[in-house]
Amino acid sequence: MNHFLHDAVRNFYKNIDSKNIRVIIVSARNGILPEVGEELGEFALQYVRKSGIEVITNTKAVDAGEDHVLLSDNTIIPCATLVWAGGVIVDPLISSLKCEHGGSGRVVVDQLSQTQRISQHICAWRLCTFDRSSQ
């Protein structure tokens, strides 16, 4: 998104100063993309920072108004456009399953998306799972 915005301003919206574009990722965790593993997540974090994206970790967006976002540490980020891509918790139905759960309540599975305590006839959806073999 950051590259797209800067390219669009440079090529099509020459009246907008690209210095006024600010892309910020707010992560409640100590990094980004925990589902890809620590090493790749750290690589991604460094890449987005090198690309000019600000990353705020260990903080949540708790409120948003028409011209701002309020963070859990009481920081107010002024904004004109907010793109929300949140939602990192598992549905309560998944959390209620009687099986082992990993990060964020996801079902722990093997590389075949199977868990040891649920029937082999159930294949877990990847967004609801935590693949222990990927660690």
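Start by selecting β3 and β4: these two strands form a hairpin with 2 residues between them. (Strands here are DSSP runs of E with at least two residues, and helices are runs of H or I with at least four residues, both numbered from the N terminus.) Before going on, note that this is a predicted model, in which local features need pLDDT of at least 70, side-chain atom pairs count only at pLDDT 80 or more, and totals for chains, interfaces and linings use all residues. Residues are numbered from 1 along each chain as its sequence is written, and side-chain values use heavy atoms, with hydrogens and water left out.

**The sheet**

Strand β3 (residues 61–65) and strand β4 (residues 68–71) run antiparallel, joined by 4 bridges. Pick D63 and you will find L70 of β4 opposite. Together you have an open sheet of 3 strands in the order β3-β4-β5, with antiparallel pairing; two strands count as paired if DSSP finds at least two bridges between them. β3 and β5 (76–78) are at the edges, each with a single partner strand, so one side of each has no neighbour in the sheet.

**Helix α1**

Next, select residues 2–11, which make up helix α1. Among its residues, N2, A8 and V9 are buried (under 20% relative accessible area with a 1.4 Å probe, protein chains only; exposed is over 50%, and partly exposed lies in between). Look down the axis of α1: the buried residues fall within an arc of 140 degrees, so they line one face of the helix. That arc is taken from the directions running from the helix axis to the C-beta atoms. On the face turned away from the buried side, find the exposed residues F4 and R10.

Which residues does N2 touch? Leaving aside residues up to four places away in sequence, they are V23, S51, G52 and I53, where contact means heavy atoms within 4.5 Å. N2 has a relative accessible area of 6%.

**The cores**

Finally, select V9, I21, V23, I32, A44, L45, V48, I53 and V55, the 9 residues of the largest nonpolar core. (Such a core is a set of buried Ala, Val, Leu, Ile, Met, Phe, Trp, Tyr and Cys residues joined through side-chain atoms within 4.5 Å.) Helix α2 (residues 38–50) gives the most to this core, with 3 residues. Apart from this core lies another, of 5 residues, including V90, I94, C99 and V107.
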